[in-house]
Amino acid sequence: MTGKILIVLHQEHSSPGRIGRFLIERGYELDIRRPRFDDPLPETMRDHAGAVIFGGPMSVNDQEAWIRREIDWIGVPLNENKPFLGVCLGAQMLTRHLGGRVSRHEGGQVEIGYWPIEPTAEGRSLMSWPSHVYHWHNEGSEHVRGTRLLATGSTFANQAFACGRAAYGLQFHPEVTYLMMNRWTTGSEESFKLPGAQDREQQFSGRWQYDPGMQQWLHGFLDLWLTPAMAMAAE
């Protein structure tokens with residue numbers, strides 16, 4: 001085995017989806033924890049090759065004690081230069097850990113469905129990016145000084161960013177599988193009425209058009225993200 005990846009989930013039946021499957025295909029073991037339900041997080045990353053914090057329906061601005069603890073814990077992989085990835089809520093937690101602000105769009109817009117992103121010059125220097133990605137969020141992160149903006153969008157500007165050589169935040173959801181989309185979109189009609197939300201039919205139409213590009217991008221991104229872990233394992 002290549003090592004263990006710490007997987008942090010926030011609901012009882014949440015899944016790491018395609019990110020989890022691609023990590024397993026690369027030889028990693030998944031160590032799944034749910035701090036919201038009192039699973040402990042490690043005091044050191046000594047036994048893990050990296051960590052991923054996924055999304056959830058809660059807000060990073062909520063006052064629950066477990067959210068504050070999880071935000072503080074992000075310092076563990078950052079201080080040890082272990083690969084860290086925040087997806088949606090996880091990216092917003094990274095922003096808060098770094099002292100940045102997370103807030104709703106001033107015009108009340110959300111992003112639900114497939115919306116375009118534009119890589120920055122630095123993002124393009126790292127890899128090719130998909131034209132559209134899958135979103136499900138009503139808050140976004142500001143660009144924290146000292147981080148590197150990799151991709152931007154017209155509604156929420158900070159779509160992908162990097163911190164140091166091993167930490168990344170993604171505002172979108174490359175992990176979402178077809179089954180996950182079915183589950184997320186079932187019974188969500190009220191959410192689809194919000195400004196910036198695509199309905200169920202539009203989302204599945206977008207999946208057939210844009211998901212192959214997202215899937216190809218995710219393979220390349222995970223290899224980029226895991227490069228520090230592979231370098232440490234070779235030492």
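Mentor: Start at Cys88, which lies in the loop between β4 (84-87) and α4 (89-97). Helices (H or I, at least four residues) and strands (E, at least two) are DSSP runs, numbered from the N terminus. This is a predicted model: local features need pLDDT of at least 70, side-chain atom pairs count only at pLDDT 80 or more, and totals for chains, interfaces and linings use all residues. Residues are numbered from 1 along each chain as its sequence is written, and side-chain values use heavy atoms, with hydrogens and water left out.

Trainee: Why is Cys88 called buried?

Mentor: Buried means under 20% relative accessible area, exposed over 50%, partly exposed in between (1.4 Å probe, protein chains only). Cys88 has 6%, so it is buried. Its backbone deserves a look too: phi is positive, about 55°, although Cys88 is not a glycine.

Trainee: What makes Asp38 exposed?

Mentor: Its relative accessible area is 66%, which is over 50%, so Asp38 counts as exposed. Asp38 sits in the loop between β2 (28-33) and β3 (50-53). Phi of Asp38 is positive as well, near 75°, again in a residue other than glycine.

Trainee: Is Ser14 buried or exposed, and how do you know?

Mentor: Ser14 has a relative accessible area of 18%, which is under 20%, so it is buried. Ser14 is found in the loop between β1 (3-8) and α1 (17-25). Leaving aside neighbours within four places in sequence, Ser14 is in contact (heavy atoms within 4.5 Å) with Leu9 and Arg34.

Trainee: What makes the pair of Gln171 and Gln92 a polar contact?

Mentor: A polar contact is a pair of N or O atoms within 3.5 Å; within protein, one must be able to donate a hydrogen and the other to accept it, and residues adjacent in sequence count only if both atoms are side-chain atoms. The side chains of Gln171 and Gln92 are paired at 3.3 Å, so the distance meets the limit.

Trainee: Where is Gln171, and what does it touch?

Mentor: Gln171 is in the loop between β12 (167-170) and α6 (178-185). Its relative accessible area is 2%, so Gln171 is buried. Not counting residues up to four places away in sequence, it touches Cys88, His135, His137 and Glu139, among others.

Trainee: How do you know that the buried residues of α6 share a side?

Mentor: In α6, Met180, Met181 and Thr185 are buried. They cover an arc of only 120° around the axis, taken from the directions from the helix axis to the C-beta atoms, which puts them on the same side of α6. Just after α6, Gly187 takes a positive phi of about 75°.

Trainee: Why is Met181 called buried?

Mentor: Its relative accessible area is 0%, so Met181 is buried. Met181 touches Tyr114, Tyr134, Val176, Gln203, Phe204 and Arg207, not counting residues up to four places away in sequence. The C-alpha atoms of Met181 and Arg207 are separated by 9.3 Å, and the two residues are 26 apart along the chain.

Trainee: What makes one face of α2 the buried face?

Mentor: In α2 (residues 65-73), Trp66, Ile67, Glu70, Ile71 and Trp73 are buried. Seen down the axis, these residues fall within an arc of 160°, so they line one face of the helix. On the other side of α2, Arg69 and Asp72 are exposed. The cover over the buried residues includes β1, β3, α3 (75-79) and α4.

Trainee: What makes a set of residues a nonpolar core?

Mentor: It is a set of buried Ala, Val, Leu, Ile, Met, Phe, Trp, Tyr and Cys residues joined through side-chain atoms within 4.5 Å. The largest has 38 residues; Ile5, Leu85, Trp129, Phe221 and Trp225 have the most contacts inside it. Helix α7 (residues 200-234) gives the largest share of this core, nine residues. Apart from it lies another core, of 24 residues, including Val8, Met45, Met58 and Ile74.

Trainee: What makes a space a pocket?

Mentor: On a 1 Å grid over the protein atoms alone, a pocket is an open set of points where a 1.4 Å probe fits, with protein on both sides within 12 Å along at least five of seven lines; lining residues have an atom within 4 Å of a point. The largest pocket holds about 710 Å³. Grid points are joined across faces, edges and corners, and the volume is the space filled by probe spheres set on the points. Its lining has 28 residues, of which Gln11, Gly55, Gly56, Pro57 and Trp136 lie nearest the centre. α6 gives the most to this lining, with three residues.
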